[in-house]
Amino acid sequence: LLLALQVRLVMKAHSFIRENVPRVLSSVKDKSGVVHIPRISQYLYFLFAPTLIYRDNYPRNPTIRWGYVATKFAQVLGSLFYAYYIFLRLCIPQFRNSSQETFNLRGLVLCIFNSILPGVLILFLVFFAFLHCWLNAFAEMLRFADRMFYK
């Protein structure tokens with residue numbers, strides 16, 4: 001989790017620098033007196049916005065739909081409970097017995113094949129909970145209007 005957060009912050013810092021350094025260098029090269037440097041509030045908004053491409057201004061919604069935000073956070077919570085249920089019913093019984101048996105190739109192959117379905121379900125839950133629910137909830141709270149930003 002910490003590694004993913006650090007990678008996200010490095011990618012956002014790279015985008016911020018890539019968008020602003022050429023602007024500053026061109027104003028210094030032209031020897032104009034006005035150097036456009038982004039405000040701290042613009043950078044802080046960019047840090048929390050669900051995008052990796054820096055712009056000075058993003059399209060904004062006029063209001064926040066708090067019911068939508070609550071629904072998305074409830075879906076994240078539901079995804080966590082469902083992942084717990086998958087671990088409890090499909091993963092823990094499988095691996096509890098494998099620690100008492102001697103290691104052999106047959107047991108390893110059976111363990112891998114019995115872990116495929118729970119692994120895929122957990123992967124889908126992570127993508128749904130984070131990429132759909134979590135990021136849409138924060139986009140709504142920040143009034144980020146362009147949900148099809150990367151199209």
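User: How many salt bridges does the structure hold, and what is found between domain 1 and domain 2?

Analyst: The model is a predicted one, and the structure holds three salt bridges. In one of them, the side chains of R55 and E19 meet with an N to O distance of 3.5 Å. This pair links distant parts of the chain, its residues being 36 apart. E19 sits in helix α1, residues 2-29, while R55 lies in the loop that runs between α2 (40-48) and α3 (66-98).

Now to the domains. The protein is divided into domain 1, residues 1-57, and domain 2, residues 59-150. Taken over C-alpha atoms, the centres of domain 1 and domain 2 are separated by 31 Å. Eight residues from domain 1 and nine residues from domain 2 take part in the contact.

The size of an interface is often given as the accessible area lost when the parts come together. Between domain 1 and domain 2, the buried area is about 790 Å², and carbon and sulfur atoms give 74% of it. On the side of domain 1 that touches domain 2, six residues are nonpolar, two are polar and none is charged. The count of salt bridges between domain 1 and domain 2 is zero. Two residue pairs are in polar contact across this interface, both at pLDDT 80 or more.

Definitions and conventions: Residues numbered from 1 in each chain as written. Predicted model: local features only at pLDDT ≥ 70, side-chain atom pairs only at ≥ 80, totals over all residues. Heavy atoms only, no water. Domains from an automatic or database assignment. Contact = heavy atoms within 4.5 Å. Buried area = accessible area lost by both parts, 1.4 Å probe. Salt bridge = Lys/Arg side-chain N within 4 Å of Asp/Glu carboxyl O. Polar contact = N/O pair within 3.5 Å; in protein donor to acceptor, adjacent residues only side chain to side chain. Nonpolar A, V, L, I, M, F, W, Y, C, P; charged D, E, K, R; others polar. Helix = DSSP H or I, 4+ residues; strand = E, 2+ residues; numbered from the N terminus.
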